Amino acid sequence: MDPGAIERLAYELGFDGFGIAGPGIDEAVTRYKKWIELQYHGDMAYMSRWLEKRADLNQVLPGVKSVICLKKNYLTASKDMGFLNERDVGDISLYAMNEDYHDVLKPRLRQLEQKVQEIFAGCQTLIYTDTGPVLEKPLAQKAGLGWIGKHTNLITEGAGSWYFLAEILVDVALPPSVEAVDRCGTCTACIDICPTRAIVAPYVLDARKCISYLTIELKGVIPPEFRKAIGNHIYGCDDCQIVCPWNAHAVPIPDEVFVAREGTRQLLELMRLDDEGFRARFRKSPVKRIKRRGLLRNVAVALGNSGNPHAVPPLVEALSDPEPLIRAHAVWALGELLGERAGAVVHENLENEQEEMVLEEVRRLDAV
């Protein structure tokens, strides 16, 4: 069976990587289960759900014989570590600078799925893009799309790691691709750059320490010990990818749906967003996932790290916000900016200290 027609359509639809893997990934499943046992997934309960399905794709699609693996480049502009010096601007991961990739890729993936069903009449298929019980990175490595780097992202020789992954499960045996070879060598750049030391060993990420987890997946209070390390990251973190030598080969693409929107990163503006303003600013964006309270929690931390005295007024205003999560982090940020003067300002302006998370921040501030 020649999957050439499927591959050609994949490239026509904008995918820039294609490979085929068998459904068995026993070693990766063993590592994943150990990672879950160590609780490295934190509050991401969905990652510990359906472990048996992740271990056996036959439980996801009965009779599955092949997995078509795809990747899609989202790099539209080069990025370096210079954003760390722009303390009045929040850093958002490159993949989230415009439209939600799920909404962009799924229609293309469905078109490709239809092609598979046309070629193999009567076959059963399932599509995923970061949405189901599928260990997509080990499958992509097996399909030859790249290797899992020490930062746990997939890296492609000659292309880097700025891309999304997607899969089509099919109950037809297709010729498998050659598995990719690990080319990280002795490099530890990603481990060394991580502000929170989340890469606890090569190829092992403790998500509970990862800035992407802390600013996106964690729904509650950001642990105080990580707040200064977060710097001006407000949605995700690209640091380990920025310093990866293989990303020196990454080539930006002119895909408008991933080009950065204007006006999404100014911290002082973001801190004053109301619900309507948040919805308008981040319509169709991945950022909407963390809701206004999550974003402004992160913005408050970034402002606390900014050293900018102009951040004080919007943070004082945030002390009256209806969301206790925002008020709590505004208290911390004012403590960072005002030092010993913060206590008086907070007690004078904080309208509601009843929620425990807010009380805890006030106690911590008073104890300094």
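Which residues line the largest cavity? Before the close-ups, a quick note: this is a predicted model, with local features needing pLDDT of at least 70 and side-chain atom pairs counting only at pLDDT 80 or more, while totals for chains, interfaces and linings use all residues. Residues are numbered from 1 along each chain as its sequence is written, and side-chain values use heavy atoms, with hydrogens and water left out.

**View A. The lining of the largest cavity.** Here I92, A96, M97, N98, R261, T264, F282, S285 and V287 make up the lining. (A cavity is a set of points on a 1 Å grid over the protein atoms alone where a 1.4 Å probe fits but cannot get out; lining residues have an atom within 4 Å of a point.) The volume comes to about 40 Å³, taken as the space filled by probe spheres set on the points.

**View B. Y101 stacked with F164.** These two rings sit 4.3 Å centre to centre with 10° between the planes (rings of Phe, Tyr and Trp, its six-membered ring, pair if their centres lie within 6.5 Å, and planes under 30 degrees apart count as stacked). Y101 counts as buried at 10% relative accessibility, and so does F164 at 6% (buried means under 20% relative accessible area, 1.4 Å probe, protein chains only).

**View D. Charges over rings.** R49 lies over the face of W50, 5.8 Å from the ring centre. K79 does likewise with F83, at 5.1 Å (the rule: NZ of Lys or CZ of Arg within 6 Å of the ring centre and within 35 degrees of the ring normal).

Note on methods. Rings of Phe, Tyr and Trp (its six-membered ring) pair if their centres lie within 6.5 Å; planes under 30 degrees apart count as stacked, over 60 as edge-to-face and the rest as tilted. Buried means under 20% relative accessible area, exposed over 50%, partly exposed in between (1.4 Å probe, protein chains only). On a 1 Å grid over the protein atoms alone, a cavity is a set of points where a 1.4 Å probe fits but cannot get out, and a pocket is an open set with protein on both sides within 12 Å along at least five of seven lines; lining residues have an atom within 4 Å of a point.
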